[in-house]
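Subject: Structure handover

Hello,

Here is the structure I promised to pass on. Please open it and keep it beside this email while you read.

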Amino acid sequence: MRYLFDTNALIALLNDPAGLIGQRVRQYQPEDFGLSAIVAFELYFGAHNSRRKAENLKRLDGLHFEIVPFDLEDAQHAGEIRAELEAVGTPIGAWDVQIAGQARARDLILISHNLREFQRVSRLRVESWQV
């Protein structure tokens, strides 16, 4: 595994599989990508709150990316990241800090369209495939 999806990147892929992010994903093997359990939670929450619940749940259930559980090392990195960002007055959201901690702990490249927040995290590799 080389890459970890952020929620917004995976939503972009689901909404437009032929788009830019889909083109990039097809350059790799499915095992090159992971889906954080935190991102899976966000996606399932969104699907259950959507007007097309059944359709969206079916799309999520059809994903074939490895689900990456949140473990102790991920939690340690997330805690450090949150403390560092709060100390300088630039915190990020609770889910994002956990996703960043997981990517950093596992030395994965985070694919996200939210560079503004994630680029503030030290030692986190993040790329936007939207451009």
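Start with the overall size. The protein chain has 131 residues, and a compact globule of that length would have a radius of gyration near 14 Å; the chain has 15 Å, which agrees. That radius is taken over C-alpha atoms, and the globule rule is 2.2 Å times the number of residues to the power 0.38. Along its principal axes, the C-alpha trace spans about 40 × 30 × 25 Å.

Two notes on the source. This is a predicted model, where local features need pLDDT of at least 70, side-chain atom pairs count only at pLDDT 80 or more, and totals for chains, interfaces and linings use all residues. Residues are numbered from 1 along each chain as its sequence is written, and side-chain values use heavy atoms, with hydrogens and water left out.

**The fold**

The protein chain has seven helices and five strands. Both are DSSP runs, numbered from the N terminus: helices are H or I with at least four residues, strands are E with at least two. From the N terminus on, the order is β-α-α-β-α-α-β-α-α-β-α-β.

Contact means heavy atoms within 4.5 Å. Take the contacts with a separation of 6 or more: 66% of them join residues 24 or more positions apart.

**Surface and charge**

Buried means under 20% relative accessible area, exposed means over 50%, and partly exposed is in between (1.4 Å probe, protein chains only). Of the 131 residues, 43% are buried. The chain exposes about 7,300 Å², and carbon and sulfur atoms supply 53% of that area. Areas come from the Shrake-Rupley method with a 1.4 Å probe; for residues, only the protein chains shown count as cover.

There are 15 positive and 18 negative side chains, and the centres of the two sets lie 6 Å apart. Lys and Arg count as positive, Asp and Glu as negative; His and the chain ends are not counted. Each charge is placed at NZ of Lys, CZ of Arg, CG of Asp or CD of Glu.

**The aromatic rings**

The structure holds 11 aromatic pairs. Rings of Phe, Tyr and Trp (its six-membered ring) pair if their centres lie within 6.5 Å; planes under 30 degrees apart count as stacked, over 60 as edge-to-face and the rest as tilted.

One of the pairs is Tyr 3 with Trp 129, edge-to-face, at 5.1 Å centre to centre and 70° between the planes. Tyr 3 lies in strand 1 (residues 3–5) and Trp 129 in the segment after strand 5 (125–127), so this pair ties together parts that are 126 residues apart in sequence. Tyr 3 is buried, at 2% relative accessible area. Trp 129 is buried too, at 1%.

Trp 129 also forms an edge-to-face pair with Phe 33, at 6.1 Å and 85°. Phe 33 sits in strand 2 (residues 33–36), so the pair links parts 96 residues apart in sequence. Phe 33 is buried, with 1% relative accessible area.

Ring pairs join Tyr 3, Phe 5, Tyr 28, Phe 33, Phe 65 and Trp 129 into a cluster.

Find Phe 5 in strand 1. Phe 5 is buried, at 0% relative accessibility. Beyond its neighbours within four places in sequence, Phe 5 contacts residues including Leu 10, Ile 21, Phe 33, Phe 65 and Ile 111.

Next, find Asp 96 in helix 6 (residues 94–105). Is Asp 96 buried or exposed? Asp 96 is buried, with a relative accessible area of 14%. Leaving out residues up to four places away in sequence, Asp 96 touches Asp 6, Asn 114, Glu 117 and Phe 118. Its C-alpha atom is 9.3 Å from that of Thr 7, which is 89 residues away along the chain.

**Two backbone angles**

Most residues other than glycine have a negative phi. Asp 107 is not a glycine, yet its phi is positive, about 55°. Asp 107 lies in the loop between helix 6 and strand 4 (109–111) and is exposed, at 52% relative accessible area. Arg 123 also has a positive phi, about 65°, and is not a glycine. Arg 123 lies in the loop between helix 7 (115–118) and strand 5 and is exposed, at 56%.

Best wishes
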